[in-house]
Amino acid sequence: MRIAQVPPLYEAVPPRFYGGTERVVAHLTDALVHLGHQVTLFASAEAQTTAQLVKVRDQAIRLDPAQLKSDLAAHMSMLWDVRRRADEFDIIHLHTDMIHFPFFEDVAGKTLTTLHGRLDLKDLPGVYWRWQQFPLVSISDAQRQPLAFANWAGTVHHGMQADLYAPRYGPGDYLAFLGRISPEKRPDRAIALAKRAGLPLKIAAKVDAADLRYFQEKIEPLLIGQKLVEFVGEIGDDEKSDFLGGARALLFPIDWPEPFGLVMIEAMACGTPVIAYGCGSVPEVIDDGVTGFIVANDDEAIDAISRIPSLNRRGVRRRFDERFSSVAMARRYLDLYARLVGARPERGVALAASA
């Protein structure tokens, strides 16, 4: 198939540091190429891909040092380029939320849109009522609940390149928190759990400008004078095997309807169990008692920490390979692509004629 992949432009593909959507698109794109398809990736110039790269910006937006820049203008320019070339593709797979809808109304049937964020925002229902012709993919069944009426083509859980991280099967000696410092990710809860358990905690996380005040007022005071807690800062893929693989468990103490939670499968790829609060996608990602424990409160989390030695780290990695490799993800998307292409009227006429 001839497939266009269209990610947002905020991070490189794959990102240098934090960035879930662009990381998933990178792994999906390479897996589709590996499976023999013709893939064109529209992305910023520093993208690393086995697909044909169309450079639509000189660099990703977040780490661009320019003080004055417009993310809206950058995305509009990219989408116009994609629309001009729409006839070149069987499927245009977009990861840009809903911003492309007005551009692609006349070719909505050859698009597929994966929604990567939370969907319980006030203004979203009106958009998805207005543009119901666009087939949508959720990244968990839980994610789609606020927009149950939308035109869902399916759910595809995220996947990752299987050989990106090297698993470690020995017991780790600290707890890990990885991702982003924000109220809904609950790094404060992770710190409290580590203190109660008497175990070291390493926090590898980025601090967005929007969350800087929260970090300074709520998290930094919890770090002062703490020998058990180490704030590592933002890390890239090349550091995650050591960071996650050396951990006894990943703490995922979220307090929001998590759409997916890529860090959970990153930990699983390293053979590291996950202790996660049962919000959003968590019950779909974690096999309770196999790849970690799903908990409802802090007391259950403390009990789960004590039961980590009962889990088989090789089994954790094995379940990752079965469910969350990038090839497994790509095959699920290919099923959706084929279904959408086969449903087009012009495709049906062509098939009938050939028969």
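**View 1. Leu 175 meets its partner across the strands.** In this close-up, Leu 175 has Ala 249 of E11 as its bridge partner. The two strands here, E8 (residues 175–180) and E11 (residues 249–252), run parallel and are joined by two bridges. Strands count as paired when DSSP finds at least two bridges between them; helices (H or I, at least four residues) and strands (E, at least two) are DSSP runs, numbered from the N terminus. This is a predicted model, with pLDDT of at least 70 needed for local features and 80 or more for side-chain atom pairs, while totals for chains, interfaces and linings use all residues. Residue numbers start from 1 along each chain as its sequence is written, and side-chain values use heavy atoms, leaving out hydrogens and water.

**View 2. Stepping back to the whole sheet.** Six strands line up as E10-E9-E8-E11-E12-E13 in an open sheet with parallel pairing. Strand E10 (229–231) and strand E13 (292–295) sit at the edges with a single partner strand each, so one side of each has no neighbour in the sheet. From one strand to the next, the twist averages 20 degrees; axes are lines fitted to C-alpha atoms, for helices over the stretch in contact, and angles run from 0 to 180 degrees between N-to-C directions.

**View 3. A helix packed on the sheet.** Helix H7 (residues 262–269) touches E8, E11 and strand E12 (274–277), contact meaning heavy atoms within 4.5 Å. The direction of H7 makes about 175 degrees with that of E11.
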